[in-house]
Amino acid sequence: MGPPPITLESAKPYIGRFAPSPSGPLHFGSLVCALGSFLDARAHGGHWLLRMEDLDPPREAPGAAARILSALEAHGLHWHGTVKWQSKRTPLYEDTLQQLRKQGLLYPCYCSRNRIRQSGGHNNSRCRTVNPGKGTCALRLVCAGGEEHFLDIWHGEQRQYIRDDTLLKRRDGLYAYQLAVVVDDISLGITHVVRGADLLDTTGAQIRLFGALSAAPPVFGHLPLVMGPGGRQKLSKQNRAPAVDNANAAGNLCTALAFLGFHVPASLAQEMPETILNWAATHWQRHQVDRHNRQLH
């Protein structure tokens with residue numbers, strides 16, 4: 001489980017992805033993330049895949065997945081191939097858990113979130129002393145301790161200490177985000193992950209899981225977040241951020257490009273989304289992106 005090579009390059013052809021969760025419609029912050037990942041893939045001659053992270057039914061909003069797909073298409077953000085639905089990939093996650101179990105890297109955890117919070121973190125020695133026959137359990141990866149070292153496209157050199165054993169399956173039987181995202185990225189051949197900066201802190205734990213599965217991690221890049229009113233919280237579905245207006249796709253794209261650091265000609269807002277995206281792809285430069293989270297003005 002040693003650190004990956006410190007590089008921003010991949011020896012494989014570029015394959016990127018956008019992976020929204022259907023907990024609400026596509027809002028402006030999600031559009032910025034989708035646009036950034038789309039343009040980075042296109043500017044590098046790569047493929048851009050779409051994965052719907054629909055593994056948490058209690059958090060899903062009725063019709064949200066269809067609205068997200070419709071919004072992406074209205075903005076000209078067309079993906080390669082078919083949509084990948086995590087809910088249809090659960091046998092792959094279960095096979096991975098079996099693989100980790102055979103390696104002795106998986107164990108049952110009976111701790112509640114409240115207990116972990118009160119104890120200041122997860123302690124796997126406590127779980128190993130609990131009678132395995134008592135109650136429902138989660139499954140965790142044996143991985144705590146040490147650092148993961150990687151380069152982020154926009155945030156540079158990162159060193160993240162792995163404090164806790166990573167949760168892979170929840171006590172309610174649902175597969176955890178960390179497991180699904182890593183297994184999917186491996187199986188889909190993802191070489192570059194361009195996503196929001198709110199996920200930067202999860203990267204070290206994901207890299208640790210890539211290592212446990214003997215897979216090279218992708219190149220990571222974390223885009224700036226669009227902050228809501230007051231600048232204290234990111235614009236998000238949980239905060240009921242309004243859906244983007246598909247009827248104003250050109251204006252939305254130009255505003256998102258300006259947020260990412262482009263100097264957008266005023267005339268571009270009168271063009272079709274495909275024309276705007278063609279212009280943006282030819283002008284895409286990673287160094288121009290301002291990595292700082294900020295409110296949209």
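1. Let's start with an open sheet of 3 strands, ordered S1-S2-S3 and paired in parallel. Strands here are DSSP runs of E with at least two residues, helices are runs of H or I with at least four, and both are numbered from the N terminus; two strands pair if DSSP finds at least two bridges between them. S1 (15-18) and S3 (84-85) sit at the edges with a single partner strand each, so one side of each has no neighbour in the sheet.

2. A word on ground rules. This is a predicted model, where local features need pLDDT of at least 70 and side-chain atom pairs count only at pLDDT 80 or more, while totals for chains, interfaces and linings use all residues. Residues are numbered from 1 along each chain as its sequence is written, and side-chain values use heavy atoms, with hydrogens and water left out.

3. How confident is the predictor? pLDDT is its confidence in each residue, from 0 to 100. The protein chain has a mean pLDDT of 90, with 86% of its residues at 70 or more. Over residues 1-5, though, the pLDDT is below 50, and this stretch has 12 contacts in the model beyond near neighbours in sequence (contact means heavy atoms within 4.5 Å).

4. Back to the parallel sheet: S2 (residues 47-52) is joined to S3 by 2 bridges, and Met52 stands opposite Trp85 in S3. Helix H2 (residues 64-74) lies across S1, S2 and S3, running at about 160 degrees to S2. Such angles run from 0 to 180 degrees between N-to-C directions, with axes fitted to C-alpha atoms, for helices over the stretch in contact.

5. Have a look at helix H1 too. Its 16 residues (28-43) reach 22 Å from first C-alpha to last, close to the 22 Å expected at 1.5 Å a residue, that is, 1.5 Å times one less than the number of residues. Of those 16 residues, 14 are buried, so H1 is largely enclosed by the rest of the structure; buried means under 20% relative accessible area, with a 1.4 Å probe and protein chains only. Just after H1, Gly45 takes a positive phi of about 65 degrees.

6. There is also an open sheet of 3 strands in the order S4-S5-S8, with antiparallel pairing. Its neighbouring strands are turned by 45 degrees against each other on average, direction ignored. Helix H3 (residues 90-102) packs on this sheet, touching S4, S5 and S8, and its direction makes about 125 degrees with that of S8.

Key. Buried < 20%, exposed > 50% of the residue type's maximum accessible area, 1.4 Å probe, protein only. pLDDT = per-residue confidence, 0-100.
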